[in-house]
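Student: I am new to this structure. Could you take me through the labels and what stands behind each one?

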Amino acid sequence: MSSKEELLKRLSDGVFEMEEDDVAEAAQEYLDAGYPAFDGIMDGLVDGMNRASEMYEQEEYFVTDVLLCSDAMYVGLDILRPYLPETKDDHKVKAVIGVVEGDTHDIGKNLVKIMMETAGFEMIDLGRDVELQKFVDTAKEEHADIVCMSTLMTTTMGGMETVIHLLEEAGIRDQVKVMIGGGPISQKYADKIGADGYSQNAVEAVKLAKSLMKIA
Amino acid sequence: MGEIKDFNCTYDNSAGINGEVTEGLGLTFPDAYLHADTMAKLSRALKEHDGAAFCELPFCHTVEAEAMGGLVNYGNDKTGPRAKEYICTKPEELLELQPIDFSKGRIHEVLQACRMLREQGEHVVLQVSGPFTILNVLIDARYVFKAMRKQPEVMKEVFWKLGNEVLRFMEEAKKYGVDLISYADSSGGVNILGPKMAEQVVEDFTYEFLKQVEGLADEHTMILLCPKTTFALLGTGHGKLKDHLTETGIRYGEACIRMTGKAKFAGQMCIKNVGYELENGIFKELVLI
């Protein structure tokens with residue numbers, strides 16, 4: 001039987017090498033051996049995803065690689081998650097994320113979601129072409145801490161400002177941080193519309209979210 | 001072999017419809033996106049608004065996919081037609097999609113609009129999408145990327161299925177008088193695929209595909225390439241640039257019109273960058289090698 005360390009390495013390597021079948025097999029063996037699911041997730045799957053993020057930051061991995069790594073990670077999560085002990089007090093920071101109405105380009109949004117999820121945020125993914133009011137309604141219902149929006153088109157970027165106004169109207173603007181990103185977006189634009197932050201890529205988005213929430 | 005450089009899309013000018021343009025035209029949306037006469041009217045208004053040398057059609061990148069069974073949200077005056085839910089989850093399903101019938105639906109209306117504009121004396125740029133852009137409407141990109149890694153032969157078949165449909169669309173466009181056929185597939189750029197996968201796409205598909213497209217260029221028709229495609233060909237050693245001196249201060253679109261019949265492929269700038277002036281009046285023809 002493999003040791004815990006060996007199985008954790010297989011989980012991490014499987015994610016890093018985008019081999020979801022290996023991850024599934026290692027995750028099942030890990031559970032069968034009676035090791036705690038939490039460690040398997042954090043020291044195996046998330047470790048592999050963090051290694052992929054580092055490679056992405058160094059431009060050794062590309063968008064497609066990160067997406068495939070995340071597929072492998074999610075396969076492992078589906079197996080290990082049901083065995084996590086129930087916790088009453090969950091301190092995860094919650095973020096709502098989506099591509100604003102009118103735009104369907106969601107690769108960047110998906111990357112940010114993956115990276116933030118890996119970094120420990122609870123992500124509520126609204127998808128692409130998201131009705132603007134839905135960002136607000138979901139943030140309210142879910143008591144979200146952050147609203148993340150992206151777009152690749154100049155014609156739809158105005159929707160981000162509308163969401164900020166809708167958050168104000170709903171009386172929850174001071175309860176959430178607003179992060180934006182995407183092709184035509186800049187820090188200047190974020191300042192102009194009153195967003196709390198802008199990030200150029202998925203790795204920066206994690207740093208920004210942590211800084212806005214004052215997490216180390 | 002060199003390295004595939006990236007060209008940064010700026011989505012200038014008429015990416016989507018500018019509200020100033022639609023005001024006063026008496027058009028209702030999304031109805032205006034669906035009929036040849038309103039498409040032509042809108043295209044001409046956009047040309048005038050942008051001060052372009054040509055009219056562009058269609059207003060989105062969903063026409064080909066819709067004609068193959070994809071689901072489209074037609075949008076409104078501010079945001080044009082775009083993809084709805086995906087209809088496929090496996091690459092094999094893509095191989096089963098219906099061939100395009102150019103005699104009906106929105107794709108037929110686009111072709112009719114092209115003819116109307118040509119009859120009105122306009123130069124027409126028909127924007128034709130490449131496989132990745134078409135796939136964006138049909139299937140989640142993550143299934144595509146995964147299949148490219150795990151089932152490269154199936155994906156090659158998919159690229160060629162879509163490529164052959166695109167080729168038929170271009171042939172059809174010529175019958176309707178289109179003089180400038182623009183081919184772009186920015187969703188499959190090196191910034192997304194990474195250098196290795198981008199190279200694989202050129203080797204498996206783009207180069208051979210464009211060799212077939214080359215046959216469509218003649219004295220009345222030029223093929224305009226998105227600079228991302230130009231860079232992909234240059235970076236893989238499948239293309240070279242040949243300089244033609246035109247005129248100092250000439251804009252890219254005007255140069256393309258002038259060079260039609262003299263060059264087969266243009267590709268030094270994004271055709272949406274209507275204000276771009278050629279450096280020292282030099283038009284760079286892309287030659288396949």
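Student: Where is Asp129(A) found?

Tutor: Asp129(A) is in the loop between S2 and helix H6 (132–142) of chain A. Helices (H or I, at least four residues) and strands (E, at least two) are DSSP runs, numbered from the N terminus. This is a predicted model, in which local features need pLDDT of at least 70 and side-chain atom pairs count only at pLDDT 80 or more, while totals for chains, interfaces and linings use all residues. Residues are numbered from 1 along each chain as its sequence is written, and chains are lettered from A and ligands numbered from 1 in the order in which they are written.

Student: Why is Asp129(A) called buried?

Tutor: A residue is buried if 20 or more other C-beta atoms, placed from the backbone, lie within 10 Å of its own; it is exposed if 12 or fewer do, and partly exposed in between. Asp129(A) has 21 such atoms within 10 Å, so it is buried.

Student: What is the phi of Asp129(A)?

Tutor: Phi is near 55°. That is a positive value in a residue other than glycine.

Student: What is the phi of His143(A), and where does His143(A) lie?

Tutor: Its phi is near 50°, again positive in a residue other than glycine. His143(A) lies in the loop between H6 and S3 of chain A.

Student: Is His143(A) buried or exposed?

Tutor: Exposed, because 10 other C-beta atoms lie within 10 Å.

Student: What makes S3(A) and S4(A) a pair?

Tutor: Two strands pair if DSSP finds at least two bridges between them. Strand S3 (residues 146–150) and strand S4 (residues 177–181) of chain A have five, in the parallel sense. The bridge partner of Met149(A) in S4(A) is Ile180(A).

Student: In what order do the strands of the chain A sheet stand?

Tutor: The order is S2-S1-S3-S4-S5, with five strands in an open sheet and parallel pairing. Strand S2 (122–125) and strand S5 (197–198) of chain A each have a single partner strand, so one side of each has no neighbour in the sheet. That puts them at the edges.

Student: How are two packed helices described?

Tutor: By the angle between their axes and the distance between the axes. Axes are lines fitted to C-alpha atoms, for helices over the stretch in contact, and angles run from 0 to 180 degrees between N-to-C directions. The axes of helix H1 (residues 4–16) of chain A and H4(A) come within 7 Å and cross at roughly 145°.

Student: Which residues make that contact?

Tutor: Contact means C-beta atoms, placed from the backbone, within 7 Å. H1(A) gives Leu11(A), Gly14(A), Val15(A) and Phe16(A). H4(A) gives Cys69(A), Ala72(A), Met73(A) and Gly76(A).

Student: How do the residues of the contact of H1(A) with H4(A) divide?

Tutor: Six are nonpolar, two polar and none charged. Ala, Val, Leu, Ile, Met, Phe, Trp, Tyr, Cys and Pro count as nonpolar; Asp, Glu, Lys and Arg as charged; the others, Gly among them, as polar.

Student: How many residues does each chain put into the contact between the chains?

Tutor: Chain A gives 18 and chain B gives 18. Helix H4 (residues 63–80) of chain A supplies six residues, the largest share of chain A's side.

Student: What bend does H9(B) have, and where?

Tutor: H9(B) bends by about 85° at Lys196(B). The bend is the angle between axes fitted to the seven residues ending there and the seven starting there. A straight helix of 25 residues would span 36 Å, yet helix H9 (residues 190–214) of chain B spans only 23 Å between its end C-alpha atoms. The expected span is 1.5 Å times one less than the number of residues.

Student: How many residues of S4(B) are buried?

Tutor: Six of the six residues in strand S4 (residues 124–129) of chain B are buried. Val124(B), Leu126(B) and Val128(B) are on one side, with Val125(B), Gln127(B) and Ser129(B) on the other.

Student: Which strands join S4(B)?

Tutor: Strand S1 (residues 55–57) of chain B runs parallel to S4(B) over three bridges. Leu57(B) stands opposite Leu126(B), and Val128(B) opposite Tyr183(B).

Student: What is the omega of the peptide bond from Leu57(B) to Pro58(B)?

Tutor: Omega is near -15°, and the bond is cis.

Note on methods
Two residues are in contact if their C-beta atoms, placed from the backbone, lie within 7 Å.
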